[in-house]
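The entries follow the order in which I checked things.

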Amino acid sequence: MSKFNSSERIGEIVAKFPKAADIFIENKIDFCCGGDRSLIVAIEEKRLNETKILDDLNKLYEEFENNLDSKDINWQEAPIIELVGYIINKHHAYLWDELPRISKLTTTILKVHGQSHPELSKVHKLFNTLKMELEEHLNKEETMQYPAVREYARTKSYADLERAINIINELEKEHTGAGDILKELRIVTDDYKIPADVCPTFELTYEKLQEMESDLFKHIHLENNILFPRLRQLFGNKA
């Protein structure tokens, strides 16, 4: 019996089965900012094969179920404070480490290859805009929202929960902005196609940009499709 169908929301599928993200990334299906759409909408938009996508999803899920050692944490049920800690220690830590490194790489390849590859000027500008916005965004989460979530977990205070809720709409808009820049980077780089006349540093830069994209998609998914809805539900229950 099939686990998933194309009428389900993309974000819900990844929330139930995190490994589905790998299939969505491979097929360029947005599961973070676009996670509230049904899968069939994305399939039709991308002109993908619905049967193949569902077969791939259900086969991967069956393999996952048969391998008890590969069980992922169910973030829909885990304590919210544990989810926040995971986001900070895995995804925030990754960005704090990698954003400066990737910035240096984009500058290097612009200097070396910019004359023969004018698209690199746009890559450099887009990435550094994204870097600036993400750093501000991470600081906002780490100094405003997440401390409020921690306080709520400790005190169960309605006021602490309200502070965590009040910033969600702003954070979601920033997630959408980051997603738009990632999509534009894909277009400018022709899906990170490596030209024949470039050096290993150029290849490493494009590899790092794709790695960042993948991590950021998973990061935004955990917030948009799991953390924020859980906080809103708690707030509604207390209202």
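This is a predicted model: local features need pLDDT of at least 70, side-chain atom pairs count only at pLDDT 80 or more; totals for chains, interfaces and linings use all residues.

**Entry 1**

Lys 183, at 42% relative accessibility, counts as partly exposed.

**Entry 2: other salt bridges**

I went on to the rest of the charged pairs, and the count for the structure is 18 salt bridges. In one of them Lys 218 pairs with Asp 22, and their closest N and O atoms are 3.8 Å apart. This pair also links distant parts of the chain, because Lys 218 sits in helix α9 (residues 200–238) and Asp 22 in helix α2 (residues 20–26), 196 residues apart. I recorded relative accessibilities for both residues: Lys 218 has 29% and counts as partly exposed, and Asp 22 has 43% and counts as partly exposed.

I next wrote down a network of salt bridges that links Lys 28, Arg 186, Asp 191 and Glu 213.

**Entry 3: α6 against α8**

Which angle do α6 and α8 make where they pack? I read about 160° between helix α6 (residues 119–155) and helix α8 (residues 168–188), with their axes 10 Å apart. That angle makes α6 roughly antiparallel to α8, the cut-off being over 145 degrees. The crossing in which α6 passes α8 is left-handed. Sorting the residues of this contact by class, I have 12 nonpolar, 4 polar and 8 charged.

Having seen charged residues in that contact, I looked for a salt bridge between the two helices, and the side chains of Glu 184 and Lys 122 meet in one, at 3.5 Å from N to O. Glu 184 lies in helix α8 and Lys 122 in helix α6, so this pair ties together parts that are 62 residues apart in sequence. Glu 184 is partly exposed, with a relative accessible area of 32%, and Lys 122 is partly exposed as well, with 36%.

**Entry 4: α5 against α6**

I then turned to the other helix pair on my list, where the axes of helix α5 (residues 80–113) and α6 come within 10 Å and cross at roughly 165°. The two helices are therefore roughly antiparallel to each other. I noted the crossing of α5 and α6 as left-handed. The residues of this contact divide into 19 nonpolar, 9 polar and 5 charged.

**Entry 5: the annotated domain**

Last, I checked what the record says: in UniProt, an unreviewed entry carries the annotation "domain: Hemerythrin-like" over residues 87–231. I keep this as an annotation from the record, which may be inferred rather than shown by experiment. Which secondary structure does the chain have over residues 87–231? I find 87% helix and 0% strand, and the end C-alpha atoms of that stretch are 15 Å apart.

How values were computed: Residues are numbered from 1 along each chain as its sequence is written. Side-chain values use heavy atoms; hydrogens and water are left out. Axes are lines fitted to C-alpha atoms, for helices over the stretch in contact, and angles run from 0 to 180 degrees between N-to-C directions. Helices (H or I, at least four residues) and strands (E, at least two) are DSSP runs, numbered from the N terminus. Angles under 35 degrees count as roughly parallel, over 145 as roughly antiparallel, 65 to 115 as roughly perpendicular and the rest as oblique. A crossing is left-handed if the near helix is turned anticlockwise from the far one by less than a right angle, and right-handed if clockwise. Ala, Val, Leu, Ile, Met, Phe, Trp, Tyr, Cys and Pro count as nonpolar, Asp, Glu, Lys and Arg as charged, and the others, Gly among them, as polar. A salt bridge is a side-chain nitrogen of Lys or Arg within 4 Å of a carboxyl oxygen of Asp or Glu. Buried means under 20% relative accessible area, exposed over 50%, partly exposed in between (1.4 Å probe, protein chains only).
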